[in-house]
Structure formats: C-alpha cells, structure tokens
Amino acid sequence: MTRRRIRDIRHDEFVAATIRGVHAHGFGRVTMAEIAKEAGSSAASIAYYFGSKEKLMEATMRHLLTLLKQAMLRRYAAANTARDRLIAVIDANFDDQLFTPAQCSLWVQFWSNAPYVPILARLHRINRARVQSHVQAEVKHLFPPDKRAAVTAMLQAYMDGVWLEAAQSNDCNPSQARKDAAALVTLLLQ
C-alpha cells in the first residue's frame, strides 16, 4: 500500500472520529486526544496530519460539503423543470448520507464556531453562497421578482431550521424532511 493511500485512510478515519467526537462532546469541549481515541490513534497523529483542531474541523466540514455536492449533482441530474431543480437543491441537504444526528450536530457546531475561526468562516461563506446561488437560480424561474428574495430566505431558513432541530433532538428523518420540503415549495408556489 502506498504512503499516499495510508494517508487517505487515516484522513478518513480522523474525519469519522471527529464527527463522532464533536457529536458526543461538542466542538469546544472535545480534545484532540478524545478524537484520536475515537480513531484508535494518538493526538500526535492528528497533529501530524492536520496541525490543529480547527484544521481537523475544516477537513471534516470539507468532507460534509463534498457529500452535499455529490447529493445535489445526483438529484440535479434527474430534475427536468425549475421546480424539480429547486426541490433537488433542497433535498440534497437532507440526503440519507448527510442528514444524520451526528452530522447535524457537527454542522450546527460548525455554524456556531464559524464567526470566530477564520478557516471555518471562509467555508461557511462559500457554502452559504453556493446554496443561495443554486436556490436563486431556480427561484427566478418560478417567482416574480418582488417575491424572490423572500422565497430564497424562507427556503434557507427552512433548511437551517430542520438541521438545527435535528441536532437538538438527535432525531433525523431524511425522507420526511424531503417530503416536507416539497410540500413547502408547493405551498409557496400557490
């Protein structure tokens, strides 16, 4: 096995351990040693691969953002109308691989720490702009100009609210979240 391949495996193990560790203890309280223990490794290994807890969180969020992008591309490929594409954008946020209690918890903690950690703030801005751009691209085909900003804000608030509720209740139902999102879009289109 090549050195690069071993590095990739360790990276994935540390990302998975970060998700579990942050979910169990919170980002502010979890230590590199606890994350390392989750990964069956040492804090020195995390320091070697990532350098800091913030950079480990950045790598973990990049992993989740990749899952989000993949989910959106899959759903977008099957969408034929502006309504279908809008629902695809929203549904991607509730993909079965992404919308889990541990990942919801991590995402909410990412949001709460982003204003104070520059590398996380940058990721937050990029993700927010990307989602908003995708929503706006479809909203402009479905709603009159005077309603577009409000509809975009409502849909973003819906997605954020479902994630926040899932993180607090430790209960995620991706299928129901997608069904409710479609119902919301239908309601807004009336």
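## Glu38 and Arg20

Glu38 is partly exposed, at a relative accessible area of 37%. Arg20 is likewise partly exposed, and its relative accessible area is 37%. In this predicted model, the side chains of Glu38 and Arg20 form a salt bridge with an N to O distance of 2.7 Å. The pair connects distant parts of the chain: Arg20 belongs to helix H1 (residues 3-25) and Glu38 to helix H2 (residues 32-38), 18 residues apart.

## Glu138 and Arg85

A salt bridge joins Glu138 to Arg85, with 3.0 Å between the closest N and O atoms. Here too distant parts of the chain are linked, since Arg85 sits in helix H5 (residues 82-92) and Glu138 in helix H7 (residues 118-142), 53 residues apart.

Glu138 has a relative accessibility of 4% and counts as buried. Arg85, at 22% relative accessibility, counts as partly exposed.

## Arg178 and Asp96

Arg178 and Asp96 meet through their side chains in a salt bridge of 3.1 Å, N to O.

## Network and total

Arg74, Arg75 and Asp95 are linked in a network of salt bridges. In total, the structure holds eight salt bridges.

Key:
Residues are numbered from 1 along each chain as its sequence is written. This is a predicted model: local features need pLDDT of at least 70, side-chain atom pairs count only at pLDDT 80 or more; totals for chains, interfaces and linings use all residues. Side-chain values use heavy atoms; hydrogens and water are left out. A salt bridge is a side-chain nitrogen of Lys or Arg within 4 Å of a carboxyl oxygen of Asp or Glu. Helices (H or I, at least four residues) and strands (E, at least two) are DSSP runs, numbered from the N terminus. Buried means under 20% relative accessible area, exposed over 50%, partly exposed in between (1.4 Å probe, protein chains only).
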